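Dear colleague,

Here is the structure I promised to hand over, with the sequence alongside. My notes on what was found in it follow below.

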Amino acid sequence: MIYQHTEHDSQSIGASLTDPERFAEVFHRHWDEIHRYVAWRLGPEAAEDVGAETFTVAFRGRGRYDLTRTDARPWLYGIATNLIGQHRRAERRRHQLLARTPADGVRPDFADGSDARVTAELLGPRIEAVLASLSAADRDLLLLIAWADLTYEEASEALGVPVGTVKSRLHRIRKKLRRAFGGVDPMRLKEEPQ
C-alpha cells in the first residue's frame, strides 16, 4: 500500500491513539530513511533490528508525542540515535577497524573518470579514524547533520539539546576535521566539472 503525504505525521500519530493501524502511515513514510541511517551507522546486519526497534519504541511512545510537531523525522532520528547508542562499542570497533584498513588496494578506474569516487575511497579510512576519535555525542550530531541531512533545529530536537549547543559542537567538530585533513574540510570536497 502506498501512502501519500497528504497528512502531517502528527495527524497520523494522533489518529493512531484510537486507531493503532494508522501508525503504519508514519512507518511507511519514514522507514527507508531511518533504515538507511541505521545501516550506515551500525552496518546492514543490525539495521533491520534497530530500524524495527525504532518504530516499536515510537509506537509505544506515541501518546507522549508532541502533536504540534508536524514532522516526526527528528523524533524518529532521536529514538534511532538512542538505540544506536546501545551499540556504540561495536560501532567504535567498526570505525577503528575501517581506519586501519589500508587504502592502497584502491585503484582508479580510468575508464570511469570519477576522481571524486576515488578520492572518497582513499579518504574513507581517514574519515573513519576521525569519526572513531569523536565523542559519541559529537559523532551522533555530525552524522545526523551530514548523513541524515537534518537541519540544526531538527538535530536539536532529535538529541534534546538547545540549537546553540548544536551550533557550537558542530563548529568544534569542523575544526577537528580540518586539522585532521591538513586545513581542508573533507565534507566540502566536490568533483570539479570537466
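Helix 7 (residues 136–146) is largely enclosed by the rest of the structure, because 8 of its 11 residues are buried; buried here means under 20% relative accessible area, exposed over 50% and partly exposed in between, with a 1.4 Å probe and protein chains only. The buried residues of this helix are Asp138, Arg139, Asp140, Leu141, Leu142, Leu143, Leu144 and Ile145. Helices (H or I, at least four residues) and strands (E, at least two) are DSSP runs, numbered from the N terminus.

Please keep in mind that this is a predicted model, in which local features need pLDDT of at least 70 and side-chain atom pairs count only at pLDDT 80 or more, while totals for chains, interfaces and linings use all residues. Residues are numbered from 1 along each chain as its sequence is written, and side-chain values use heavy atoms, with hydrogens and water left out.

Helix 4 (residues 73–85) is likewise mostly covered, with 11 of its 13 residues buried. Those buried residues are Arg73, Pro74, Trp75, Leu76, Tyr77, Gly78, Ile79, Ala80, Thr81, Leu83 and Ile84. From its first C-alpha to its last, helix 4 reaches 18 Å, close to the 18 Å expected at 1.5 Å a residue, where the expected span is 1.5 Å times one less than the number of residues.

As for the chain as a whole, the protein chain has 9 helices and 0 strands, and buried residues make up 40% of its 194 residues. Of the contacts (heavy atoms within 4.5 Å) with a separation of 6 or more, 64% are between residues 24 or more positions apart.

The axes of helix 1 (residues 9–16) and helix 2 come within 7 Å and cross at roughly 145°; axes are lines fitted to C-alpha atoms, for helices over the stretch in contact, and angles run from 0 to 180 degrees between N-to-C directions. On the helix 1 side, Asp9, Ser12, Ile13 and Ser16 meet Phe23, Glu25, Val26, Arg29 and His30 of helix 2. By class, this contact has 3 nonpolar, 3 polar and 3 charged residues, with Ala, Val, Leu, Ile, Met, Phe, Trp, Tyr, Cys and Pro counted as nonpolar, Asp, Glu, Lys and Arg as charged, and the others, Gly among them, as polar.

His30 has its place in helix 2 (residues 23–42) and is buried, with a relative accessible area of 7%. Leaving aside neighbours within four places in sequence, His30 is in contact with Asp9, Phe55, Asp71, Arg73 and Leu76.

The structure holds 10 salt bridges, each defined as a side-chain nitrogen of Lys or Arg within 4 Å of a carboxyl oxygen of Asp or Glu. One of them joins Arg29 to Asp9, with the closest N and O atoms 2.7 Å apart. Since Arg29 lies in helix 2 and Asp9 in helix 1, the pair ties together parts that are 20 residues apart in sequence. Both partners count as buried, Arg29 at 13% relative accessibility and Asp9 at 4%.

Glu33 forms a salt bridge with Arg73, the closest N and O atoms being 2.4 Å apart. Here Glu33 belongs to helix 2 and Arg73 to helix 4, so the pair ties together parts that are 40 residues apart in sequence. Glu33 counts as partly exposed at 21% relative accessibility, whereas Arg73 counts as buried at 15%.

A further salt bridge brings together the side chains of Glu157 and Arg69 (2.9 Å, N to O). Glu157 lies in helix 8 (residues 152–159) and Arg69 in the loop between helix 3 (44–60) and helix 4, so this pair ties together parts that are 88 residues apart in sequence. Glu157 counts as partly exposed at 26% relative accessibility, and Arg69 counts as partly exposed at 36%. Salt bridges that share partners also join Asp9, Arg22, Glu25 and Arg29 into one network.

Finally, a word on confidence. The protein chain averages a pLDDT (the predictor's confidence in each residue, from 0 to 100) of 81, and 74% of the residues score at least 70. Among the elements of the chain, helix 1 has the highest mean pLDDT (96) and helix 6 (residues 115–133) the lowest (63). Over residues 103–114 the pLDDT is below 50, and this stretch has 10 contacts in the model beyond near neighbours in sequence. The pLDDT is also below 50 over residues 189–194, a stretch with 8 such contacts. Where pLDDT is low, the predicted coordinates should not be read in detail.

With best wishes
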